[in-house]
Amino acid sequence: MNISYDYYRVFYYVAKYKSFTGAARALLNNQPNVTRIIKKLEEELGCTLFIRQRHGVALTPAGEKLYAHVSVAFEHILLGEQEIARNKGLQSGVVMIAASEIALHCVLLPVLKKFRKSYPGIRIRISSHSTPRAIDILKKGLADFAMVTAPFELPAGLSSTVLRTVQEVPVCSRTFPLPTGTALTAALMKQYAWIGLGEKTSSFLFYSDYFHNIGLSFSPDVEAATADQILPMVKSGLGIGFVPREFLEQENMEHLTMLTMEPPIPKRNICVLKRQDASLSMAASELEKLVRQTKGNDNSERGAS
């Protein structure tokens, strides 16, 4: 037999949807043409493949046997087409990410190295901001997704997934008369200058709450524009600053002293945010999948509509 692939394609869709009309709609064809093709296929095979019912059609025993083979073959073809399309979609394109400094350094940068190695043709645009600014950029559709540091208010229309937690520690210059591991009580904290971020950041809100709980107000003596500016300021002896432990891993601690807090500083969540009304491109989806695989702690997802 030399039966056209198109005949089997139409047969597959009629059997799948149990309807000539449904198959025609899926194939962007018309019902009379679908009916004509099925009749020709039945003539070629010398058997009846469908029986009409009140609502749609049903396969005959011969049709069932044919569908068992055709469905496997056709679905393999579809998977092959999808794989080729996926590979083409990952050969070029642009992914735009809005990220806070802490999320950028603690999660995103290690992932980007792996992503670039796998998909060198995809361009990546990163805008580094405070958490509120990154969320605003995502809301306006100027980023595919955002990676931010809690706390933050989740706007309507966005979903949030916790990737991991980050632990921040107080550090100061060796020029300060504070031994490594010194516990900074409320009384001791009043004696030194503090370095922190501005009021319109999640870090300011986080430490305002922390200081309030120990009976102090958080008012940085030196204000940094971004989180990655705090450590250089600390090294210069401008005051005590809070930095993630990851920021210290590549540092020469010869000129820095790591302190502790009493009570301990709570851990903070790093989250990935997406718009609920927009789907990600193939490239952005692949990068977000790699980002999610970095999470090392229990995670939760919440959304607002």
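1. Let's start at M253, which touches R174, L248 and M258, leaving aside residues up to four places away in sequence; contact here means heavy atoms within 4.5 Å. M253 sits in the loop between α10 (245–248) and β12 (256–258). Helices (H or I, at least four residues) and strands (E, at least two) are DSSP runs, numbered from the N terminus. R174 is 79 residues away from M253 along the chain, yet their C-alpha atoms are separated by 9.1 Å. M253 counts as partly exposed because its relative accessibility is 24%. For the cut-offs, buried means under 20% relative accessible area, exposed over 50%, and partly exposed in between (1.4 Å probe, protein chains only).

2. A quick word on what you're looking at. This is a predicted model, where local features need pLDDT of at least 70 and side-chain atom pairs count only at pLDDT 80 or more, while totals for chains, interfaces and linings use all residues. Residues are numbered from 1 along each chain as its sequence is written, and side-chain values use heavy atoms, with hydrogens and water left out.

3. Now for the inside. The largest nonpolar core has 39 residues, and those with the most contacts inside it are V95, L108, M147, I270, L287 and V291. Helix α5 (residues 101–118) supplies the largest share of this core, with 9 residues. Apart from it there is another core of 24 residues, including Y12, A15, F20 and A24. A nonpolar core, by the way, is a set of buried Ala, Val, Leu, Ile, Met, Phe, Trp, Tyr and Cys residues joined through side-chain atoms within 4.5 Å.

4. Take V95 as one example. Leaving out residues up to four places away in sequence, V95 touches I122, R123, I124, R125, D144, F145, A283, A284 and L287.

5. Helix α5 deserves a look of its own. With 18 residues, α5 reaches 24 Å from its first C-alpha to its last, close to the 26 Å expected at 1.5 Å a residue; that expected span is 1.5 Å times one less than the number of residues. Where does α5 bend? The bend is at L108, by about 50°, and a proline, P110, follows within four residues. The bend at a residue is the angle between axes fitted to the seven residues ending there and the seven starting there. The buried residues of α5 are E101, I102, A103, L104, C106, V107, L108, V111, L112 and F115.

6. Zoom in on A103, which is found in helix α5. Is A103 buried or exposed? A103 is buried, because its relative accessible area is 0%. Not counting residues up to four places away in sequence, A103 touches L108, M147, V148, T149 and I270. L290 is 187 residues from A103 along the chain, and their C-alpha atoms are separated by 14 Å.

7. Next, the strands. Strand β5 (residues 145–149) runs antiparallel to strand β14 (residues 268–275), and 4 bridges join them. T149 has I270 in β14 as its bridge partner. Strand β6 (residues 158–166) also pairs with β14 in the antiparallel sense, over 8 bridges, and V162 stands opposite C271 in β14. Two strands pair if DSSP finds at least two bridges between them.

8. Check the prolines in the loops, too. The peptide bond from A150 to P151 is cis, with omega near 5°, and P151 is found in the loop between β5 and β6. A cis peptide bond also joins E262 and P263, with omega about 5°; P263 lies in the loop between β13 (260–261) and β14.

9. K18 has phi near 55° and sits in the loop between α1 (5–17) and α2 (20–26). K18 is exposed because its relative accessible area is 52%. L28 also has phi near 55°, and its place is in the loop between α2 and α3 (31–45). At 81% relative accessibility, L28 counts as exposed.

10. Lastly, the cysteines. How many disulfides does the structure hold? The count is 0, where a disulfide is a pair of cysteine sulfur atoms within 2.5 Å. C172 is buried, because its relative accessible area is 0%, whereas C47 counts as partly exposed at 27% relative accessibility.
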